[in-house]
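Subject: Structure handover

Hello,

Here is the structure we talked about, with notes on what turned up in it. Please read the notes with the model open beside you.

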Amino acid sequence: MRLPTFWNVHILLGALHFFLNPLLSSTATSNGNHGTLWDNSPYEVSPEGDFPESLQFMNKRQKSPSFLAATINITVREGEMATLPCAVKNLGTRQVAWRRLANGQVMTVGTLTWIKDKRVFVDNKIRHEQPGVSDWNLLLKNARQKDSGIYECQITDKKRFSRNITLTVIGPPIRKPGVTIEGKEFPNLGEEIRLTCNATGGPHIPEEIDWFKEGDKIDSHKYPNILITKYRSLRDQSLVSQLIIDHSREEDKGMYICRSSDEEIASLKVTVMVAGSVNKKRGTGSGSTYGPHQGSSASGLLLKGSAWIALFFYTLLYPLCMHVI
């Protein structure tokens, strides 16, 4: 007996439902419980941070992904760029996401940045020399100390694939290599001379600082009156040296030079002011201004001239007056 067309369609749909129902049910969550959104993410995730079953089902027949060996502890100085490595093999159609474990915040998915921080982005490259391998490095520009923490690189798959990278940011920023020298340029005779040389070496502290006077290297044998001290400043990443002369002498004047082991040089000319030489210069200056001794000499000459003139007239007029009398 031949069944009506209606029943043929009904039986066919029932068979399809019987065979496809187990397959479809396996892709659904077992308890229907989903977590909150990952920072405006279009995908819902479980409380453990796993990706949704819809994405996992797409990857069911792909090769299992894996992470390539990489450094898991990254240390940078404040202000530098931090690069957190994540190289994946057999990624297929899966996605790579970065998040910070401290707050569970998703930072990137694929090459898209999911947080409002312009310093954060992903550097994605395909390794053509290594088939199936791609880099998904998280870059953090102008790193700050508060960025220190653990970051997770995760692959969207039914089985959890993740790797943690620890970032440590230290400070402050390193200054460029260079040398500066400070001190009093015109000390008075007998005053202390104290010159300070500050040498920075970029990523490292200079090993040594040498002092020179007029091109001659200063040491305790040639210059017993000069004391030189040195100390390292870890906070500033610099080597600091001081040249000290307790009681300056006239012969201590000259050009002082400090040189770091990185061949950076700074100089300062010191002139010891001697009181006698200052007064002498003032006394020999040209112009209409006279000192007190110069004024006394001029007055004396004027008095002497007047006396000679009076004596001359007295000698000339005295005989004439006597004759008239």
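A salt bridge here is a side-chain nitrogen of Lys or Arg within 4 Å of a carboxyl oxygen of Asp or Glu. Please keep in mind that the model is predicted.

Salt bridges

By that definition, a search of the whole structure gives 16 salt bridges. One of them pairs Lys230 with Glu208, with N and O at 2.2 Å. The two residues come from distant parts of the chain, 22 residues apart: Lys230 belongs to strand 16, and Glu208 to the loop between strand 13 and strand 14. Lys230 is partly exposed, at 40% relative accessible area, and Glu208 is partly exposed as well, at 33%.

Arg232 and Glu207 also form a salt bridge, with an N to O distance of 3.7 Å. This pair, too, links distant parts of the chain, 25 residues apart, with Arg232 in strand 16 (residues 227-233) and Glu207 in the loop between strand 13 (193-200) and strand 14 (209-213). Arg232 counts as partly exposed at 43% relative accessibility, whereas Glu207 is exposed at 59%.

Lys125 is bridged to Asp123, and the closest N and O atoms of that pair are 3.9 Å apart. Asp123 has a relative accessible area of 25%, so Asp123 is partly exposed. There is also a network of salt bridges that links Arg99, Glu152 and Arg160.

Which side chain of opposite charge is nearest to Arg100? That is Asp147, at 4.5 Å. The cut-off for a salt bridge is 4 Å, and Arg100, although buried, has no salt bridge. Arg100 is part of strand 5 (residues 96-100). Beyond its neighbours within four places in sequence, Arg100 is in contact with Gln105, Met107, Lys146, Asp147, Ser148, Gly149, Ile150 and Tyr151.

Arg94 is in the loop between strand 4 and strand 5. Arg94 is buried, with 4% relative accessible area. Its side chain reaches two backbone oxygens, that of Asn90 at 2.9 Å and that of Leu91 at 2.9 Å. Pro65 is 29 residues from Arg94 along the chain, and the C-alpha atoms of Arg94 and Pro65 are separated by 9.0 Å.

Positive phi angles

Most residues other than glycine have a negative phi. Asn90, whose backbone oxygen is reached by Arg94, has a positive phi near 60°. Asn90 is in the loop between strand 4 (87-89) and strand 5, and at 26% relative accessibility Asn90 counts as partly exposed.

Glu263 is not a glycine either, and has a positive phi of about 65°. Glu263 is found in the loop between strand 18 (254-260) and strand 19 (265-270). At 55% relative accessibility, Glu263 is exposed.

Disulfides

How many disulfides does a search of the whole structure find? The search finds 2. A disulfide is a covalent bond between the sulfur atoms of two cysteines.

Cys86 and Cys153 form one of them, with their sulfur atoms 1.9 Å apart. The torsion about this S-S bond is about -70°, so the disulfide is left-handed. Cys86 is in the loop between strand 3 (82-84) and strand 4, and Cys153 is in strand 10 (residues 149-155), so the pair ties together parts that are 67 residues apart in sequence. Both Cys86 and Cys153 are buried.

Cys197 is joined to Cys258 by a disulfide, with S to S at 2.2 Å. Here the torsion about the S-S bond is about 75°, so the disulfide is right-handed. This pair links distant parts of the chain, with Cys197 in strand 13 and Cys258 in strand 18, 61 residues apart. Cys197 and Cys258 are both buried.

With the bonded cysteines numbered in sequence order, the pairing is 1-2, 3-4.

Regards

Methods: Residues numbered from 1 in each chain as written. Predicted model: local features only at pLDDT ≥ 70, side-chain atom pairs only at ≥ 80, totals over all residues. Heavy atoms only, no water. Helix = DSSP H or I, 4+ residues; strand = E, 2+ residues; numbered from the N terminus. Buried < 20%, exposed > 50% of the residue type's maximum accessible area, 1.4 Å probe, protein only. Lys, Arg positive; Asp, Glu negative; His and termini not counted. Contact = heavy atoms within 4.5 Å. Disulfide = S-S within 2.5 Å. Polar contact = N/O pair within 3.5 Å; in protein donor to acceptor, adjacent residues only side chain to side chain.
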